[in-house]
Every structure is written in structure tokens, then in C-alpha cells.
Amino acid sequence: MNENVLRAGLLETAREMARCGLNAGTAGNASVRCSRGFLITPTGRAYDELGPDDMALMAMDGSWHGPFAPSSEWRIHRDILAARPDVGAVLHAHSPFATALACHRRPIPAFHYMIARFGGANVRCAPYATFGTQALSDGAIAALDGRRACLLANHGMLTLGGDLRGTLALAVEFETLCEQYWRACQLGEPHILSGPEMEEVIALFKTYGQPRPAAAVPPAESGPA
């Protein structure tokens, strides 16, 4: 995709994260893969005051170009994009319910079948490390093995997807599940779906949202002449 289109899409995604309640102020960041490496939101800047040309262009060696320095979390984005060729975009947010759970360092179990949307029978919580460090990135990579979302202890959440639009939708869906889990825990420990129950759902999600050929319509039965 044209880099200018990706720049505009990245800025709009960052603004939409705030409108959706995933971030406030200058918190959170987003990136998208491009032909020259990846584009990432700049550090410490209000998105409403930025334009598409303000998105930082980064190479995989950590070098960058742009009017503003890249997000302090660029290592997470770089390492995910390097390790996961299936991923085209990465979002990091300090959304209220995901962050509340992350502050308890609680993975999210299979309290609802939609957990399978994120690749497995749970969503892991990466161990705490200082923001912007390689240790934080390493922990996130491990927590994301086979997954499309994770919590970062005492920090926030990450979601991964093929493109910006899909990754933003996953982030909104993940925050909704975090809220549902938080609310369910107010009544006590929720009932957790069994391994076989989740295996069945995970198998179904492999074709979730994918185009399918139309089913053949059986011929009408002929009646008596």
C-alpha cells in the first residue's frame, strides 16, 4: 500500500483509539508495516495536533526519520513485526479495563468463548518491565506466542492484526471482553469453559469472518404429474 495512505491511516487510527476510549492524552501508540520498515506514532504528542507526515518512519535496525522521535515503545512494535510475518499492524493502549486487570497481573481465562478470537484458550499477561525496554518487548513476544492480544503487567494491552482497521477492531473487542471479565468477577469467580469446549470454538474461529462458497441449493422435489 502507498506509504502516504498508510501515514494517513495510522494517524486516523491513533485518533480513533482516543475516540473509542482506549487511550487518553498522549498514552498508547500504534504502528503499521510498510515497504521501508514500519511507521509508528511519535512519542509524547497529541494526535489532534499532528499530520500524516509527522508519523515516524523506522527501519528494523532502530534508525528513524521524521520531525518527531518515535514512540518510546518502538522496540515492542519492531520486535513483533520482525517475529510475526502475519502481522501488519500493532496497537498498544492503556484502556481502563485491560489496564485494571494488568495491574493485578491476571491472565484472562476462557470465561467467555470469544476469548478464542485472540488465538487460544486464554489471554496471557506479560511480566512487568520498565516501558521502552528490551525486557518489556521480550516479555510481550513470549506472551503473544500463538496469540493476537496480551496484557502487559501494571501497564496496558497489545493487539495485533493484518491491517490497521482490523487491529483497531480487535482492540475494541478485547477491551470489551476485559470489561465483561471484570464485571463477572464482581459476582465471584466465573465458570471457565473446559479445554474441549474451547478447542471446538478455536477450530470454528479458524474460518471466522472468512469468505465461503455458497451452499448448493437442493433441487425442488417434483410432485405428482
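The legends below describe close-up views of a predicted model.

**View B. Surroundings of Ile-108.** Leaving aside residues up to four places away in sequence, Ile-108 touches Leu-101, Ile-115, Asn-122, Val-123, Leu-151, Phe-174, Cys-178 and Tyr-181.

**View C. Aromatic pairs involving helix H5.** The whole structure contains 3 aromatic pairs. Phe-97 and Trp-182 pair edge-to-face, with 5.5 Å centre to centre and 65 degrees between the planes. Phe-97 belongs to helix H3 and Trp-182 to helix H5, 85 residues apart. Trp-182 is partly exposed, at 33% relative accessibility. Phe-111 and Tyr-181 form a tilted pair, at 5.1 Å centre to centre and 45 degrees between the planes. Phe-111 lies in the loop between H3 and strand S6 (125-126) and Tyr-181 in helix H5, so this pair ties together parts 70 residues apart in sequence. Phe-111 is buried at 14% relative accessible area, and Tyr-181 is buried at 1% relative accessibility.

**View D. The two sides of helix H6.** In H6 (residues 195-205), the buried residues are Met-198, Val-201 and Phe-205. They fall within an arc of 60 degrees seen down the helix axis, so they line one face of H6. Pro-196, Glu-199, Glu-200 and Leu-204 are exposed on the other side.

**View E. Arg-45 and Phe-68.** Arg-45 lies over the face of Phe-68, 4.0 Å from the ring centre.

Notes: Residues are numbered from 1 along each chain as its sequence is written. This is a predicted model: local features need pLDDT of at least 70, side-chain atom pairs count only at pLDDT 80 or more; totals for chains, interfaces and linings use all residues. Side-chain values use heavy atoms; hydrogens and water are left out. Buried means under 20% relative accessible area, exposed over 50%, partly exposed in between (1.4 Å probe, protein chains only). Helices (H or I, at least four residues) and strands (E, at least two) are DSSP runs, numbered from the N terminus. The arc is that of the directions from the helix axis to the C-beta atoms. Contact means heavy atoms within 4.5 Å. Rings of Phe, Tyr and Trp (its six-membered ring) pair if their centres lie within 6.5 Å; planes under 30 degrees apart count as stacked, over 60 as edge-to-face and the rest as tilted. A charge sits over a ring if NZ of Lys or CZ of Arg is within 6 Å of the ring centre and within 35 degrees of the ring normal.
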